[in-house]
Amino acid sequence: MNIYFILGLFLGDGNFNVRIRETETLPWFIPMFRISQKITDDNFNLLTNLSNFFEERGVKSGVKKDSKIITFFISQIKNVKLLFSLFYSHGLFGKFDNLL
């Protein structure tokens, strides 16, 4: 497993979005990086290995099961920044500062 494989998986089945929560004084922005798959043993093992891959690199991630879907996710600003810095270190983004 490497960054290029993960990027291909993300481009095929993933999504990136920002949730906006309202607080008393300011909006709160929560970036989310997710890859969802149908629940099978192979997909569960793949997404669990993906989570372990990122945990070894200091990026906190998780795997969540629903009734029919399994989802790998990375949330929180610091973890998404670490993810983007991994992509950037492999030459995948030319405008890293704009992503942050």
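A residue counts as buried when its relative accessible area is under 20%, and as exposed when that area is over 50%. The structure discussed here is a predicted model.

**Overall layout**

The chain has four helices and four strands. Starting at the N terminus, the order is α-β-β-α-β-β-α-α. Of its 100 residues, 32% count as buried. The accessible surface comes to about 6600 Å², and carbon and sulfur atoms supply 52% of that. Among contacts with a separation of 6 or more, 48% join residues 24 or more positions apart.

**Helix α3**

Helix α3 covers residues 77-89, 13 residues in total. From first C-alpha to last, α3 reaches 18 Å, close to the 18 Å expected at 1.5 Å a residue. Its buried residues are Asn-79, Val-80, Leu-83, Phe-84, Leu-86 and Phe-87. Viewed down the axis of α3, these buried residues fall within an arc of 150°, so they line one face of the helix.

Gln-76 lies in the loop between β4 (69-75) and α3. Its phi is near 75°, a positive value in a residue other than glycine. Gln-76 is partly exposed.

**Gln-37 in strand β2**

Strand β2 spans residues 27-38 and includes Gln-37. Is Gln-37 buried or exposed? Its relative accessible area is 13%, and buried means under 20%, so Gln-37 is buried. The side chain of Gln-37 makes a polar contact with the side chain of Asp-13, at 2.7 Å. Leaving aside residues up to four places away in sequence, Gln-37 touches Leu-9, Asp-13, Asn-43, Leu-47, Lys-68, Ile-69 and Ile-70.

**The salt bridge**

How many salt bridges does a search of the whole structure find? The search finds one. Arg-57 forms a salt bridge with Glu-56, and the closest N and O atoms are 3.5 Å apart. Arg-57 is partly exposed, while Glu-56 is exposed.

**Accessibility of the residues discussed**

| Residue | Relative accessible area | Class |
|---|---|---|
| Gln-37 | 13% | buried |
| Arg-57 | 38% | partly exposed |
| Gln-76 | 44% | partly exposed |
| Glu-56 | 64% | exposed |

Note on methods:
Residues are numbered from 1 along each chain as its sequence is written. This is a predicted model: local features need pLDDT of at least 70, side-chain atom pairs count only at pLDDT 80 or more; totals for chains, interfaces and linings use all residues. Side-chain values use heavy atoms; hydrogens and water are left out. Helices (H or I, at least four residues) and strands (E, at least two) are DSSP runs, numbered from the N terminus. The expected span of a helix is 1.5 Å times one less than its number of residues. Buried means under 20% relative accessible area, exposed over 50%, partly exposed in between (1.4 Å probe, protein chains only). The arc is that of the directions from the helix axis to the C-beta atoms. A polar contact is a pair of N or O atoms within 3.5 Å; within protein, one must be able to donate a hydrogen and the other to accept it, and residues adjacent in sequence count only if both atoms are side-chain atoms. Contact means heavy atoms within 4.5 Å. A salt bridge is a side-chain nitrogen of Lys or Arg within 4 Å of a carboxyl oxygen of Asp or Glu. Accessible areas come from the Shrake-Rupley method with a 1.4 Å probe; for residues, only the protein chains shown count as cover.
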